[in-house]
Amino acid sequence: MTRAAVALQISAVTKDYGAKSVLAPTDLVIEDLEFVSIVGPSGCGKSTLLMMMAGLLASSGGEIRFAGQPVSGPPQGMAVVFQDYSRSLFPWLTVRRNLAMATAAYRLDKREVAERVDHALDSVGLPGTHDLYPYQMSGGMQQRVAIARALVVRPRFMLMDEPFAAVDAQTRADLEDLVLRVRREYEVTVAFVTHDIDEAVYLGDRVVVLAANPGRIIADLPVPLPRPRDQIATKLEPEFARLRSEVFGLVMRPKAGTD
């Protein structure tokens, strides 16, 4: 089957809580196989927007379409990786069973599930960890398990909500490169929410910047850095420094009251 050029389309989407507008009318198109980073100050609606994309939160207005179909609940073909891996993994289940649980709605036979679990764990660098429990693993390993659980359903679109916020800098760099590898291997479109501007520029094909009160998109910047990316060489590129400065200025501008 030929994949559509547009993976996800957001049209005039809003979110209100009572009289408070959390997200002003928002339009965004994410093309198939793009990696879109989403940044902005705390409270600007980044995670709210991501949860509406996932069908886990209803919008107050507008429409979101995934693969041409309206999103009214979590659609098949889409997976979410949350920030808090310690709460998103089931602590009473082994790694194998955590991953297998994600396939329940797909009605796969046991052999197919086992093959997908093996492949996903290999892809995130955790072969042979099937029978461990989450508490027996480091934070970085647990987040790799969470990524593997998303991959086990072979998603077309992966939503990631600040997934590396709770790990140390070296682990974060390793996980960033892991996401870029599995993105290529699984041919998956990614929308990635982060507070880290370097991370947003390093990972993305585009960086979408939101401002707050109410949340709204104030910039959508292409990232013309060559791929594959490298933690040292890419960050030494003059274009990386220029984009980082531009995004930082945009994120800080609403705080200074100049927007």
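**Close-up views of a predicted model**

**View 1. Phe35, Phe164 and Phe192 form one aromatic cluster.** The model shown here and in the other views is predicted. The structure holds 5 aromatic pairs. In one of them, the ring centres of Phe35 and Phe192 are 5.8 Å apart and the planes meet at 35 degrees, so this pair is tilted. Phe35 belongs to strand 3 and Phe192 to strand 8 (residues 189-193), so the contact ties together parts 157 residues apart in sequence. Phe192 is buried, at 0% relative accessibility. Phe164 lies in the loop between strand 7 (157-161) and helix 6 (169-186), and Phe192 in strand 8, so here the parts tied together are 28 residues apart in sequence. Phe35 has a relative accessible area of 0% and is buried. Phe164 is likewise buried, with a relative accessible area of 0%.

**View 2. Strand 9 (residues 206-211) is largely enclosed by the rest of the structure, because 6 of its 6 residues are buried.** In a regular strand, side chains alternate between the two faces of the sheet. In strand 9, Arg206, Val208 and Leu210 point one way, while Val207, Val209 and Ala211 point the other way. The residues of both sets are buried.

**View 3. Strand 9 pairs with strand 3 (residues 35-39) and with strand 10 (residues 216-222).** Strand 3 and strand 9 run parallel and are joined by 4 bridges. Within this pairing, Ile38 stands opposite Val208 of strand 9. Strand 9 and strand 10 run antiparallel, with 6 bridges between them. Val209 is placed opposite Ala219 of strand 10. The hairpin of strand 9 and strand 10 has 4 residues between the strands, and Asn213 in this hairpin takes a positive phi near 60 degrees.

**View 4. Helix 1 (residues 46-53) is mostly covered, with 7 of its 8 residues buried.** The buried residues are Lys46, Thr48, Leu49, Leu50, Met51, Met52 and Met53.

**View 5. The charged end of Lys235 sits over the ring of Tyr202.** The distance from the charged end of Lys235 to the ring centre of Tyr202 is 5.0 Å.

Note on methods:
Residues are numbered from 1 along each chain as its sequence is written. This is a predicted model: local features need pLDDT of at least 70, side-chain atom pairs count only at pLDDT 80 or more; totals for chains, interfaces and linings use all residues. Side-chain values use heavy atoms; hydrogens and water are left out. Buried means under 20% relative accessible area, exposed over 50%, partly exposed in between (1.4 Å probe, protein chains only). Helices (H or I, at least four residues) and strands (E, at least two) are DSSP runs, numbered from the N terminus. Two strands pair if DSSP finds at least two bridges between them. Rings of Phe, Tyr and Trp (its six-membered ring) pair if their centres lie within 6.5 Å; planes under 30 degrees apart count as stacked, over 60 as edge-to-face and the rest as tilted. A charge sits over a ring if NZ of Lys or CZ of Arg is within 6 Å of the ring centre and within 35 degrees of the ring normal.
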